[in-house]
Structure formats: structure tokens, C-alpha cells
Amino acid sequence: MKESVTSFLSNILAVILGIFITFTIQGMIDRSRDRKNARSSLELVRSELARNIEDVSIIKDYLNMEKQSAAYFITNKDSLDKCPDDSISYHSGIIFADVSMSLSMDALELLKMSSVFQKLGNNDLSMKIIRAYDCCGSIVTNVNRHISIRDSRYENSIDRETAGEYVSGGSIDIKDFMKTDFGRYAIEWLTNQPGIDNITDITDLEDAIEAIDHYLK
């Protein structure tokens, strides 16, 4: 009788141990899968943020170049006829180009739809990623607002008889354009914009990438 009880208890313990081992192994598999999914998702986010930084750098460089070209015309407004033709052509081709800003947010949307965000177990990392994409949205809004105001200044200054036809993305007859009051005002407006570096600040994007790199080590 004792042997039967002992055998029965041994079998029960074996079943319980088997169940425990099964759940432990399954838990390890699930955690490993979660880590792989998190790593894959975060690598996508990192790649997207890096591309966004490059795109911001391009538009920032253009806006600063445009400001410098406008300053060139203001500085030489009374002697444009004496300026080298290649310099006039170069700076004319920069100002009022047909540009706009857009940044990718696809990786964030995929991250939100997955369970990775909830399983990261790192609130600081999650918040930095969210702030980075919020920053992307702000940059797009602010840069496009700047460009929209700039375009309205230009379009309102056009006098087709003296300033020439407006060609999207092309150059203008800057010498005639600068002879008009509205034309000079449009160029001066470009030189007086102080916030180009502020509206293209990528600090939050860089912080998120640094946090992701630390997590992925």
C-alpha cells in the first residue's frame, strides 16, 4: 500500500515537474521571441530616424543657403549690374525654390500596432522614441509653415511686367525683381528669419537613436 502511495505521489510530482519544465521552456522561448521582435522593431525605428535626420539636414542646408543668397542680393542691391553673372545665376537659382518637408513615421506606426512597446520594459526608451517622432511632426509643420509664408511673400511681390514670370523651382530675373519694393521686401524677409536652426533641431531624434543603440548592445 505504501509503495502504491509512493508511486502515485512520484507520478504526480513527475507530472507537476514536467508541466513546470514545459512552462519554463515555453516562457524562455516567448521571451527570446519577444527580444527578437523588439530588436527587429527597434532597428527599423532607428533606421527611419536616421533617414529623417538626413532629410532634415538637407532642408536645413537649403534654407540656410537660401538665407545666404538673399543676403548676397541685399548686400549688392545697388550694384547688381556689376556682380558676376555666374554669381547672380547661382544665387537666383537657390532662392524661392519649389521645396517642401516630409518625414517618415511608418516604423512608429508598426511599433504601436505590435506588442513590442508594452514589452520593452523601459519607459525611458519608449518616451524618447515618442518624443523623437513628435519632434519629426513639429519639424515638418514648422518648416512647411516657413516655406508657405516665404512663398506667399514671393507670390505677392510678383509684377509680371518688371519682375518676370514665376517658374516653380526655377530662377527669377533678380535684377528686375530687386527694382520693385515688394521684391526687395520678399528678399529682406528671407534674410531676417532667425529660427531656421531652431525649427530643424534634431536633438530628440539623436537622443532616441542613442537610447536604442544602448538597448541593442
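Is Asp201 buried, exposed or partly exposed? With a relative accessible area of 38%, Asp201 is partly exposed; here buried means under 20% relative accessible area, exposed over 50%, and partly exposed in between, with a 1.4 Å probe and protein chains only. The structure is a predicted model, in which local features need pLDDT of at least 70 and side-chain atom pairs count only at pLDDT 80 or more, while totals for chains, interfaces and linings use all residues. Residues are numbered from 1 along each chain as its sequence is written, and side-chain values use heavy atoms, with hydrogens and water left out.

The protein chain contains nine helices and zero strands. Helices (H or I, at least four residues) and strands (E, at least two) are DSSP runs numbered from the N terminus. Read from that end, the order of elements is α-α-α-α-α-α-α-α-α. Of the 217 residues of the protein chain, 35% count as buried.

In α2, the residues Ile88, His91, Ser92 and Ile94 are buried. They lie on the same side of α2, because the arc they cover around the axis is only 155°; the arc is that of the directions from the helix axis to the C-beta atoms. Asp85 and Asp86 are exposed, on the face of α2 turned away from its buried side. Just after α2, Phe96 has a positive phi of about 60°.

Helix α3 has Ala107, Leu108 and Leu111 as its buried residues. These cover an arc of only 100° around the axis, so they sit on the same side of α3. Asp106 and Met113 are exposed on the other side of α3. An α-helix has 3.6 residues a turn, so residues three or four places apart point the same way.

Met113 also belongs to a surface patch. Helix α3 spans residues 106–113 and includes Met113, which is exposed with a relative accessible area of 67%. Together with Leu44 and Leu110, Met113 makes a nonpolar surface patch of about 340 Å². Patches are made of residues with over 30% relative accessible area and no salt bridge, where like charges are joined within 9 Å and nonpolar side chains (Val, Leu, Ile, Met, Phe, Trp, Tyr) within 5 Å. Accessible areas come from the Shrake-Rupley method with a 1.4 Å probe, and for residues only the protein chains shown count as cover.

Asp201 is part of a charged patch. Asp201, Glu206, Asp207 and Glu210 form a negative surface patch. Lys and Arg count as positive and Asp and Glu as negative, while His and the chain ends are not counted; the place of a charge is taken as NZ of Lys, CZ of Arg, CG of Asp or CD of Glu. Asp201 itself is found in the loop between α8 (196–199) and α9 (203–216).

Charged side chains also pair with each other. Side chains of opposite charge can pair when their charged atoms come close. A salt bridge is a side-chain nitrogen of Lys or Arg within 4 Å of a carboxyl oxygen of Asp or Glu, and a search of the whole structure finds eight of these. One of them joins Arg150 to Glu66, with the closest N and O atoms 2.8 Å apart. Arg150 lies in helix α5 (residues 123–157) and Glu66 in helix α1 (residues 2–75), so this pair ties together parts that are 84 residues apart in sequence. Arg150 and Glu66 are both buried.

Another salt bridge is that of Lys175 with Asp81, whose closest N and O atoms are 4.0 Å apart. Because Lys175 is in helix α6 (residues 174–177) and Asp81 in the loop between α1 and α2 (85–94), the pair ties together parts that are 94 residues apart in sequence. Lys175 is partly exposed at 25% relative accessibility, and Asp81 is exposed at 64%.

Arg184 and Asp181 also form a salt bridge, at 2.4 Å from N to O. Arg184 and Asp181 are three residues apart in helix α7 (residues 181–191), so about one helical turn separates them. Arg184 is partly exposed, with a relative accessible area of 24%, whereas Asp181 is exposed, with 59%.

A last pair concerns helix α5, where Ile130 is found. Ile130 is partly exposed, with a relative accessible area of 32%. Ile130 and Asp204 are 74 residues apart in sequence and 9.4 Å apart in space, C-alpha to C-alpha.
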